[in-house]
Amino acid sequence: MKASTNEQVKDLLKRANELCLLLGEFHELFVGCEDEAAIDKASQLLKVPMCKLVGPIVGDLTKVGEIVYAAGCQDVEVNSAVRGADLKVNGSGDCIEHKVCTYKETKKGGSAITFSACSQNLGKTARRKKLLEDMERKTRGGGVVMEVKNHRGVTTNTFTMSPRYVMEFFARIPLGSSKTYSIMVKRCPSCKVFHRIDKVHHYGQVFDARDGHLSEDEWKSVFKPTRTNCKGVAPVYPEIA
């Protein structure tokens, strides 16, 4: 074993031991504890040593969510390339765009799932063309998976968009001055549903059930502003055939 490699192994073991000691202390202090403030404080203490250990192993920390998601799927692996799809299905070559949103309960607003919408400097037609080419490359055969996590990193909701729905959806999104397009993730205080992203997901299921069809009025509904508080009156959407 080369000296440099040996030093790397020793460094990883040192970091792992530091984390193990802290995990032991965490367990002793907080097993059975239901005090949110105390648990949050302890979690902050673990954050740095965990990142120190995971960083050298994973490399790009933005890939952590993709690694965890792929581990729970059959024949799905993380795409190591910087550009292109986040995940790929072994054998078929299908591509999956993986999005994660950490939801935080605030009075001002929620969070969002964000997609690149290309630069407005391209011009409207060229911009739309590039956007669709990018989405096709990233989602061909696999579509989009959008995970919503709570502040502890636990996945609470998963929303999907099929490849065909993705292409129709992004062919119709309004292209403004921003280089990104966002789908709001804000939980309704009345029913606890994420109405905006849930609507996008639901219409996608209707679209797929109808073999790739929504009426023009239904497409307008997809992009119509969504109330984030239903006040106990659930929104009405088309039934999934």
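Reader: What pattern does the protein follow, read along the sequence?
Author: The pattern is α-α-α-β-β-β-β-α-β-β-α-β-α-α, where helices (DSSP H or I runs of at least four residues) and strands (E runs of at least two) are numbered from the N terminus. This is a predicted model, in which local features need pLDDT of at least 70, side-chain atom pairs count only at pLDDT 80 or more, and totals for chains, interfaces and linings use all residues. Residues are numbered from 1 along each chain as its sequence is written, and side-chain values use heavy atoms, with hydrogens and water left out.

Reader: At what angle do the axes of α4 and α5 cross?
Author: Helix α4 (residues 124-139) and helix α5 (residues 163-172) cross at roughly 165 degrees, and their axes come within 10 Å. Axes are lines fitted to C-alpha atoms, for helices over the stretch in contact, and angles run from 0 to 180 degrees between N-to-C directions. The two helices are therefore roughly antiparallel (an angle over 145 degrees).

Reader: Which residues of α4 and α5 make the contact?
Author: With contact meaning heavy atoms within 4.5 Å, the residues include Leu131, Leu132 and Met135 of α4 and Val166, Met167 and Phe170 of α5.

Reader: And how do α5 and helix α6 pack?
Author: Helix α6 (residues 195-209) packs with α5 at an angle of about 115 degrees, with the axes 10 Å apart. Among the residues in this contact are Tyr165 and Phe169 of α5 and Tyr203 and Phe207 of α6.

Reader: Changing topic, how much of the protein counts as buried?
Author: Of the 241 residues, 31% are buried, meaning under 20% relative accessible area with a 1.4 Å probe, protein chains only.

Key: Parallel < 35°, antiparallel > 145°, perpendicular 65-115°, else oblique. Buried < 20%, exposed > 50% of the residue type's maximum accessible area, 1.4 Å probe, protein only.
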